Every structure is written in structure tokens, then in C-alpha cells.
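Please look at the sequence and the structure shown here before reading on. The report after them is written for a reader who is new to such descriptions.

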Amino acid sequence: MCAASTVLKIENVRIALAGHDLLHVDAAIKPGEVLTVMGPSGSGKSTLLAFIGGFLDPVFSASGRIFCSGNDITFERPQARRAGLLFQDPLLFPHMSVGANLLFAMPPKIKPQVKRRQEAEASLASVGLEGYFDRDPDTLSGGQKARVALARVLISQPAFLLLDEPFSKLDADRRDQMRRLVFDQAKQIGLPVLLVTHDRADAEAAGGTIIEVGITRNGQ
Amino acid sequence: MLKYAPAFALGILAIPVVSGLAGTLLPAFGYLPALGGTSFSVQPFLDFFYQPGISQSITQAFLIGLIATIIALVLVAAFLAAWYGTRTFRAVQHFVSPLLAVPHAAAAFGFAFMIAPSGFLARLFSPWLTGWERPLDLLIVNDRLGLALIVGLVVKEVPFLLLVSMAALPQTQALKAVQVTQALGYGRMAGFLATLWPPVYRQIRLPIFAVIAYATANVDMSIILGPSTPETLPVRLVGWMNDPELSLRFMACAGAIVQIAVTMAALCCWLALEQIAGAIARRIFKTGVRFSRDSWLRIIASGSIITSALLIFGGLIVLAIWSVAGLWQFPDALPKSLSFRSWSQTLPSLIEPLLTTLVVGLVSVLISIAIVLACLAREQQTGNTGGNKALLLLYLPLLVPQIGFLFGLQLLTLSVGVGASWFAVIFVHVVFVLPYVFLSLSAPWRSFDKRYDAIGAALGASQARIFWRIRFPMLLRAILAAMAVGFAVSVGQYLPTLLIGAGRFATITTETVALGSGGNRRIIGIYSFVQMMLPLLGFIFAALVPALLFSKRRAIRGA
């Protein structure tokens, strides 16, 4: 199990497809720090996230270890890893209200119901969406949906964040705003963040170490 | 539990078919101790081939089924080639696809009521155009050549083939290929047939084979529309099987084996035709002829599809009118008066078959959807779809002529003491409902965005919680739609209910078919109306529930 304010250690991880090496990463991410993995599509960078989150597609093979605050979670069930996932689409559950999306994510140890609702409302307020609890996700703008997705992942009290091009579908000014929001919140809570992207501006805004992958495949 | 779901499902499909085939084969060679057959002989086959007019019955089953399938596929291919991707196409598609849910018997009666000498079309044009004061003394329905049956089968199978073809067409890239050929100067239809049709055809072969199996071996539509002196092979076989003279069952089983051979011969014939058509097409497209003037052919293509749909739609309306018709003499296009007397007289005897239909339909659908969901959940865990082999097994009950294994299954269920029970009837319905439920649900299930599962799991939700709280509600519309398809299939089942129920389970469909084409038109109207309303209500229910449940959730409440 992971505790909060943790270090995410990616030890000598290699990912291969049909015997062909895609990438190799060896790094440690401290609380509040961002590690950016940059590369073109097909470079295996999203697969790295899937491996760390526990969703690796069986067609890929991976080696190496993942440590969360010194605990080896390489073979943990995805449910026990406490990874916070953000994709390029907000992927809000369309059959639930905005508030129900947050309640689904909130750990069950927070109770009673009244307190759960208060926490969810507060979390919405912290991303600038006060009073959106009962809204239908589909009626929100793209930027608002992205902020709900962020609130949802943070309220689940993750041990670290895995970001898969989470800003690429937002328009330019929303993108800046969202980047700042995500990285500020992560720093504030002290979460290690792994970001994969093909957008250099994302990498620069993140301000941490940048690893480039897949260059040999494309640049030959 | 989930681990065993796929094996369980395949068992449910394969065991009745295989054991039923064996159960047909043994009596066909004279072995059925319960009826005094203790030694093997070819006598049942000899008896069978000595029946008067038997070669004509066989030839008709073979030719009618093959010709109907060819025409239906040609119409569908021509229509897709002519109009795919246009507004006309979408309009016609919306018009045609509901017809898929109309049970065969109701469609056949509606069609008969349209084209019969005293039918609606004749009335519409009489006497002002035709001069007919009395219906022509002409055998249009039940004609000796089986033309009415061929056309009836065509109009019923066109919606099915259209739907499976469209499911096989790749969505976005598709039209680009046609546009490229058009830029090269090819006509729209030629371009489609040269580029998009071959891959589509390869994917719809199994459904086509199922159509051939149904068309060569169907009983319900043949009774209503088919030739009567002699009847087609499957109709005669069922007659013998249900004859009070039990010894006729040996001959019936021998005939069922011949029926399988007839259907297999039609399939082989189809495979040969495939090769010939492919060779001709390759030769033609080598010449570089452009076929650029095809607008007349495109009009014929859409015209024939629309006509076939109108024949069924019109027929269904005429059925409904007949059910409430008062006096309705021949040249009158509409009845002189309306009356609910037939309804009030028929209703008491309608209740019991209706309840049986509902119970069998609902229970078999619930069992099927549970098995299908378990299989799909298992497939998601393992990433193994079972590939073409599993698909072939799924189609097995649809590819083997029903008669071929239902005869044996009836004898088996009777001999082990479960015959004519609710269990046996519902079980045999599941055999036919399950494949359709699986085929309807597997596509939306497999295209579900797996990142939702990933998010659910990362948020700590267990597999069960992910299924019930995320997948199930998000796929509820697709699940209910698949259940509605399954219910429509169950409602329409004639032969399985008749044989496995040993005549003791009357459903709306068995009662409707039993009325035959010579029956009272008002009562036929009532039964056919109820028969076609049941699937329709299922689909309305499937659309309404998510709309009400998720009325405040715009993205998934549907139309």
C-alpha cells in the first residue's frame, strides 16, 4: 500500500512489443515533482502509464519494478495501487451527475453522507465549479469537464498522478489554465506526477525532468 | 464462475444441436425402441422416397430457398452500391430496419393479404382500372411454382441482410475508396462493388448461410405462402412428425436427413456461385470498363427495396384493418364499417397463448442475456474473443436446418421425460435467442471505451462494482436493445415451440400459423396483429426505459 507524500520510483522499466524494445525508463519522482515522458505516438509512452497503473495490454511485455514509497507495487491489483489517472478525454461517467462522479471516487472511509457531500462540494469549489454538484456532465463545457475530471481524481486521494496527454483536447487558453491548475494542485498535495505528452509546451509548463523516447524509431 | 461462462454457452448451443441430430439419425435408420424400432434398416428412406410428389417437394425446397437468397442478396448489394452514404440511403434504412422485428408469420400473412386475388392491391385497382367485379380465379398465393413464397422470403430477408452488411461496412474510410473510383471515372455502383463489397461480403457469409438454411427449410412461411399440391418438403415433414400415426415418425426422420442434405446442397451451390460470380467480376474489372451511366440502375435498386418494404408495411396495416373490419366485400378498397366483434369473440381464446408467449419469451431472454453478459465479461478479462471458431458455434443453431435436429430433440426430450415441459420449451428457445442476443450486444460491448474501466479500477472499484456501476448503466441501452431482439426472436419461433412443446404449448405464433391462409381473415388479422405488436412493444420498452431512467443525463438517454 502507498501512503500520501510518496516517491514514485520507476526502476529500469522496459516495454517491448513483439520482442521489439519500445522504451526504457529509470527514474524517481519526488512528491510535487513532475516527470515528463515525451515522444511521438506509437513510442510506447501511454503503455508506460498502463504498466504503472496495472492495465498493461497482454500484447506488450514489460520488465522492471515500480515502487511507491519503497513498496513494490509492480504486481499489485490496479485497485490497490491508488494511481490517479487523467486521460485526454475527461471520461466522466455520463449516467451520473457531476457530484455522483465525485462520490464514486471518494474513499468509503469518509462518512456520513452529509460529510461526503460537503467534501465533494468543496472539491468542486476548489476547481472553480461551485454549485455544479447536481449538473449533468454532458451539459458542461470541455474545460469544465476537464476540471471535474481533475476534482474526481484528486478526491480519490491517489498516491501519485498518471497524466496521458490530459491537455491536448483543450483550446489554447483553457490549456494554459488547466496546466497551472493540475500542477499547482499536485504540488500543494505533494503528489508525484508522471506526464506523457507529445507537446513540448506541456513539458515546459510542467517544469520537471524531461525524458524523450521513441526518437530512434521516428528519426531514422 | 465467469471462467466457465463461455464453455457453458457453447454447450447450450452445441449439445441440443448435436444430440438432436443424433436423435434424428437413429430413427431415420429405423432405430427407435420406444416406437418398436429395434433394428437398423433403410426402410424409412424407402418409404420416404415412395411418397407421391416427393421429388417435387424436394426440388421446390431447394430452388425456392436458393433463388430467394440470391434475389435478396442482389437487391441488398445493388442498393448499398447505389446509395450507401447518401441521404436517400439513411432515409430508406430507417424505413426498412424496423421490419427486421416483424415475425415471419405476420409478414407472410400481411404479404398474402396484399397480393391475393381478393387482396388489397386488387381491391385498390378494381373495378375502375381492372374491371374486376369479383376476385380473379387465380392461384397467386400458394401458387404451384412457389413464386409467392420466394417473394415473401425475399422481402423478409432483405432487412436482415441490409443490417448485417451495414454492420460490416467500415464507417469513415469507406466512402473515400468509392470516391477514388469515381474520380477515375467509374460509376458509383461499379466503384462500390469493386472496392467495398468484397470485404463486406466476406464478413456477412455466415448470416447469408443462415438465410439459406432458413429459406430452404422454413415451415411457417411455406405453410402460409408456399405451394400446396404438393407442399414443400419441410411442411410435409412436420405433418408426418405430428401425425397421430406414430410409425410415420421413422419416415419423417429420414426426410429430415434428406432436408439437411437439401440445405447442404443449396449451400454447396452457393459456394460454387460465389466462385463464378467472383471470377466474372474480376474479369470485368480487368477490362477497365467504367459503367459510368448507372442512374437508371440506381433508381431500380432503391425502387425494389422500397417496394419490398412497402409490401410488408402495407400488409401489416391491411392485417390490422381486417381485424376490425365489418362488412368488407370484394372491390371495396376499405371496409364499409368497423367492428370490434371479432376482437371480443377472439380475446378469451387469445389470453392463454399470449401469456405463454410472454413467459417463454421473457424467461428465455433473461437467461440468454445473463449468459451473454457473463461471456462478454469473461472475454474482457482474458482478451480472448474465441475468434472465428466461437462465431461458427454461435451460428450453429442457425445454420443447421431446424427440422434436422428438432425432430431428434423432440424424441429425446420425450424419452427422458422432460418433453412438452416449460423447461424444455424455454430451453429450446434459448438455443435460438442466445445467438441473436450475443451478436447484438457484442459489438457495443467490445467498442466500449476501456479507459472507463481503468479509471474505475484506479479509483479502487472492484470488478463487480465496475460492472454494475459503470459498464452496466452505460451499456443499458445496448443491453435492452439486445434483449428486445432476443424477445422478437422468441416470439417468432414456430417450429421449436410446436415440436418441443409437442403441440401442448400454444403461443401466438403457433396459433397464427395454424390458422393457415384459408382461415377467417378477421381472426388471422387479430392474431397477426398481436404477433407483430409483441416485438414492437419490446423495442419501445427498450427505448423508453433508458430515456426515463436517465432523463437528466443527456449523453446516454438516447432519442
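This is a predicted model: local features need pLDDT of at least 70, side-chain atom pairs count only at pLDDT 80 or more; totals for chains, interfaces and linings use all residues.

Residues are numbered from 1 along each chain as its sequence is written, and chains are lettered from A and ligands numbered from 1 in the order in which they are written.

**The sheet of chain A**

In chain A, five strands form an open sheet in the order β6-β7-β8-β3-β9, with parallel pairing. Strands here are DSSP runs of E with at least two residues, helices are runs of H or I with at least four residues, and both are numbered from the N terminus; two strands pair if DSSP finds at least two bridges between them. The edge strands of chain A are β6 and β9 (209-212), each of which pairs on one side only. From one strand to the next, the twist averages 20°, where axes are lines fitted to C-alpha atoms, for helices over the stretch in contact, and angles run from 0 to 180 degrees between N-to-C directions.

Helix α1 (residues 45-53) of chain A packs on this sheet and touches β3 (34-38), β6, β7 and β8 of chain A, and its direction makes about 150° with that of β8(A). Two residues count as in contact if their C-beta atoms, placed from the backbone, lie within 7 Å.

How many bridges join β3(A) to β8(A)? Five bridges join these two strands, which run parallel, and on β8(A) the bridge partner of Thr36(A) is Leu195(A). β3(A) also pairs with β9(A) in the parallel sense over four bridges, and there the bridge partner of Thr36(A) is Ile210(A). Five of the five residues of β3(A) are buried, so this strand is largely enclosed by the rest of the structure. A residue is buried if 20 or more other C-beta atoms lie within 10 Å of its own, exposed if 12 or fewer, and partly exposed in between, with C-beta atoms placed from the backbone. Val34(A), Thr36(A) and Met38(A) point one way from β3(A), whereas Leu35(A) and Val37(A) point the other way. In a regular strand the side chains alternate between the two faces of the sheet.

**Helix α5 of chain A**

The 14 residues of helix α5 (residues 142-155) of chain A should span 20 Å at 1.5 Å a residue, and its end C-alpha atoms are 20 Å apart, which agrees; the expected span is 1.5 Å times one less than the number of residues. Because 11 of its 14 residues are buried, α5(A) is largely enclosed by the rest of the structure. The buried residues of α5(A) pack against β6, α3, α4 (113-126) and α6 (172-189) of chain A. After α5(A) comes Gln157(A), whose phi is positive, near 55°.

**Where the chains meet**

In total, 19 residues of chain A are in contact with 21 residues of chain B. The elements of chain A that give two or more residues to this side are α2 (78-81), β6 (83-86) and α3 (98-105), and β6(A) gives the most, with three residues.

**Chain B as a whole**

The secondary structure of chain B comes to 25 helices and zero strands. With 559 residues, a compact globule would have a radius of gyration near 24 Å, and chain B has 25 Å, which agrees; the radius is taken over C-alpha atoms, and the globule rule is 2.2 Å times the number of residues to the power 0.38. Buried residues make up 48% of the 559 residues in chain B.

**Single residues in loops of chain B**

| Residue | Loop in chain B | Other C-beta atoms within 10 Å |
|---|---|---|
| Asn142(B) | α6 to α7 | 22, buried |
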